[in-house]
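Here is a short note for a colleague who has not seen this structure before. Please read it with the model open.

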Amino acid sequence: MTAESAESTDTWAGWYRDGRGAEAITLTAGGQQVRTQIRGVEYRGADFATLAAVEAGEALAACVMEWDIPLPVNADGTAEQATLSCLLALGERESEGPVGRAELSLTLHFGGAAYASGIAGGGFEEALGRIRRQLPAGTELGGKQLVEAS
């Protein structure tokens with residue numbers, strides 16, 4: 001495990017579901033990694049869709065994770081609070097892949113409207129970029145980059 005620096009760490013509550021049931025999880029982003037623990041197994045990755053078991057543990061496949069991120073939005077110079085709803089579906093794992101096929105969907109709820117990324121191939125910043133392009137003129141997402149790894 002890498003040493004934590006002065007970089008901030010963000011934590012969000014969410015849910016994990018698969019064929020064995022559902023459980024509450026906590027997702028953490030910081031130090032250029034995303035982390036969570038599912039059924040006693042720690043998972044880490046450079047992005048939500050690349051989470052892999054740190055030690056022995058099942059690969060993530062045929063499952064769904066969902067969580068909400070409070071996110072500031074600057075609209076014409078005024079900071080407002082919005083919610084980014086995140087849904088990550090991982091398909092069945094290929095024999096060579098660390099995780100199943102990733103489908104990420106983000107929806108920004110802001111100002112009475114919903115801005116959706118559509119289904120992206122799992123890249124969080126790419127999906128967030130799709131939302132940024134839909135925002136009205138003079139509106140931009142505030143705060144820092146949510147997933148620092150590329």
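This is a predicted model: local features need pLDDT of at least 70, side-chain atom pairs count only at pLDDT 80 or more; totals for chains, interfaces and linings use all residues.

1. Aromatic pairs. A search of the whole structure gives 3 aromatic pairs. One of them joins tryptophan 12 and phenylalanine 48: the ring centres are 6.2 Å apart and the planes meet at 50°, so this pair is tilted. Tryptophan 12 belongs to strand β1, while phenylalanine 48 sits in the loop between β4 and β5, so the pair ties together parts that are 36 residues apart in sequence.

2. Phenylalanine 48 again. Phenylalanine 48 has a relative accessible area of 2% and is buried. Its ring also pairs with that of tryptophan 67, with centres 4.6 Å apart and planes at 35°, so this pair too counts as tilted. Tryptophan 67 lies in strand β6 (residues 63-75), so here the parts tied together are 19 residues apart in sequence.

3. The cluster. Trp12, Phe48, Trp67 and Phe124 make up one aromatic cluster.

4. The largest pocket. The space in the largest pocket comes to about 160 Å³. Its lining includes Tyr16, Asp18, Arg20, Arg39, Tyr43 and Glu58. Strands β1 (10-18) and β4 (41-45) each contribute at least two lining residues. By class, the lining has 7 nonpolar and 4 charged residues, and no polar ones.

5. Serine 85. This residue is part of strand β7, which covers residues 78-90. Its side chain makes a polar contact of 3.3 Å with the side chain of histidine 109. Beyond its neighbours within four places in sequence, serine 85 is in contact with Trp67, Asp68, Ser105, Leu106, Thr107 and His109. Trp67 in that list is also a member of the aromatic cluster.

6. Arginine 132. Helix α1 (residues 124-132) contains arginine 132. With a relative accessible area of 40%, arginine 132 is partly exposed. Not counting residues up to four places away in sequence, arginine 132 touches Glu125 and Leu141. Tyrosine 115 is 17 residues from arginine 132 in sequence, and the C-alpha to C-alpha distance between the two is 8.7 Å.

Conventions:
Residues are numbered from 1 along each chain as its sequence is written. Side-chain values use heavy atoms; hydrogens and water are left out. Helices (H or I, at least four residues) and strands (E, at least two) are DSSP runs, numbered from the N terminus. A polar contact is a pair of N or O atoms within 3.5 Å; within protein, one must be able to donate a hydrogen and the other to accept it, and residues adjacent in sequence count only if both atoms are side-chain atoms. Contact means heavy atoms within 4.5 Å. On a 1 Å grid over the protein atoms alone, a cavity is a set of points where a 1.4 Å probe fits but cannot get out, and a pocket is an open set with protein on both sides within 12 Å along at least five of seven lines; lining residues have an atom within 4 Å of a point. Grid points are joined across faces, edges and corners, and a volume is the space filled by probe spheres set on the points. Ala, Val, Leu, Ile, Met, Phe, Trp, Tyr, Cys and Pro count as nonpolar, Asp, Glu, Lys and Arg as charged, and the others, Gly among them, as polar. Buried means under 20% relative accessible area, exposed over 50%, partly exposed in between (1.4 Å probe, protein chains only). Rings of Phe, Tyr and Trp (its six-membered ring) pair if their centres lie within 6.5 Å; planes under 30 degrees apart count as stacked, over 60 as edge-to-face and the rest as tilted.
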